[in-house]
Amino acid sequence: MGARASPSRRRQAGRRLRYLPTGSFPFLLLLLLLCIQLGGGQKKKENLLAEKVEQLMEWSSRRSIFRMNGDKFRKFIKAPPRNYSMIVMFTALQPQRQCSVCRQANEEYQILANSWRYSSAFCNKLFFSMVDYDEGTDVFQQLNMNSAPTFMHFPPKGRPKRADTFDLQRIGFAAEQLAKWIADRTDVHIRVFRPPNYSGTIALALLVSLVGGLLYLRRNNLEFIYNKTGWAMVSLCIVFAMTSGQMWNHIRGPPYAHKNPHNGQVSYIHGSSQAQFVAESHIILVLNAAITMGMVLLNEAATSKGDVGKRRIICLVGLGLVVFFFSFLLSIFRSKYHGYPYSDLDFE
């Protein structure tokens, strides 16, 4: 049997209750109601978050990149609660926008999103979406965005920082570069799987067939193999391709050129020394070839034993090619490397 409280203890407890302030009961009741309300608000947030994640997972099951207008952007990206990262490509894919770079970037973005969607590591912590200018003009205005394409990372908590905007102009938009940037921002590592591309294999097979057919047709006379001029031309083509940045283009995948969305002006030369456009490498290739041609003509004029007047004309033409195109090349360097100390002719 449990021990019963003595009469003296009961009297002491009664005195304690008697001396408890009467105003504390409403306070305790208010505190209890506040705790209930906070608990209900937390439950509501959890339910809202679960609904948002469920909706995003449903969209992801249909396509790896889902398009968003202004309302969806504000609901799923800007408005809390959110416990997932969102990669958004701001673009302009409509034909009237004539944004060829947007289409090229979209292809790489699709490869990256598919690699994540169909990987074994896929989860509800990272999603890929897209906002087209013609479908979400208000979003572009809200973010003060005036160029496309642009890639941004929206973290689970807080506002995007400067590093959450992908440096497309410097790095390019290859899927592998995007995956590396995402890994830095989210700690989610995506292994890029590209669809098989047999164009290189077919081109190599055609080249081998062409060379083999040529050798077979000339099997009785293979002196052309020892032609120094032919091999010199092949070597120069390889040198021009490498020195103009073709390998950099292959690795980084930069856009061909950049079109200003405000005035429609197209830039073929990148303004930074850390990047280039594909058109820029073509321009450099032509300039290098013209300078080389000028040097060849100067050498021809100095070593040949023909008519003096003809040699003088060849010398002047070669000198003009070297001076003009080398000065043009220096002007490009000056525009990219600010403070470049050398100049010949001023093309600015």
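First, the ground rules. The model is predicted, so local features need pLDDT of at least 70 and side-chain atom pairs count only at pLDDT 80 or more, while totals for chains, interfaces and linings use all residues. Residues are numbered from 1 along each chain as its sequence is written, and side-chain values use heavy atoms, with hydrogens and water left out.

The whole chain, then. The protein chain has 12 helices and six strands; these are DSSP runs numbered from the N terminus, H or I of at least four residues for helices and E of at least two for strands. Of its 348 residues, 30% are buried. Buried means under 20% relative accessible area, exposed means over 50%, and partly exposed is in between, using a 1.4 Å probe and protein chains only. The accessible surface is about 23100 Å², with 60% of that belonging to carbon and sulfur atoms; the areas come from the Shrake-Rupley method with a 1.4 Å probe, and for residues only the protein chains shown count as cover. A contact means heavy atoms within 4.5 Å. Among contacts with a separation of 6 or more, 65% are between residues 24 or more positions apart.

UniProt, in an unreviewed entry, lists "transmembrane region" for residues 198–217, 229–248, 282–301 and 313–333. Those positions are in the numbering used here, feature names are shortened, and annotations may be inferred rather than shown by experiment. In the model, residues 282–301 are 100% helix and 0% strand, with end C-alpha atoms 29 Å apart. Residues 313–333 are also 100% helix and 0% strand, and there the end C-alpha atoms are 30 Å apart.

Now the cysteines. How many disulfides does the structure hold? One, counting cysteine sulfur atoms within 2.5 Å as a pair. The disulfide joins Cys99 to Cys102, with S to S at 2.1 Å. The torsion about the S-S bond is about 70°, so the disulfide is right-handed. Cys99 is buried at 15% relative accessibility, and Cys102 is buried at 0%. Cys315 is partly exposed, at 31%.

Last, Gln110. This residue lies in helix H4, residues 100–117. Buried or partly exposed? At 29% relative accessibility, Gln110 counts as partly exposed. Leaving aside residues up to four places away in sequence, Gln110 touches Ser64 and Ile65. The side chains of Gln110 and Ser64 are joined by a polar contact of 3.1 Å. That term means a pair of N or O atoms within 3.5 Å; within protein, one must be able to donate a hydrogen and the other to accept it, and residues adjacent in sequence count only if both atoms are side-chain atoms. Arg63 is 47 residues from Gln110 along the chain, and their C-alpha atoms are separated by 9.9 Å.
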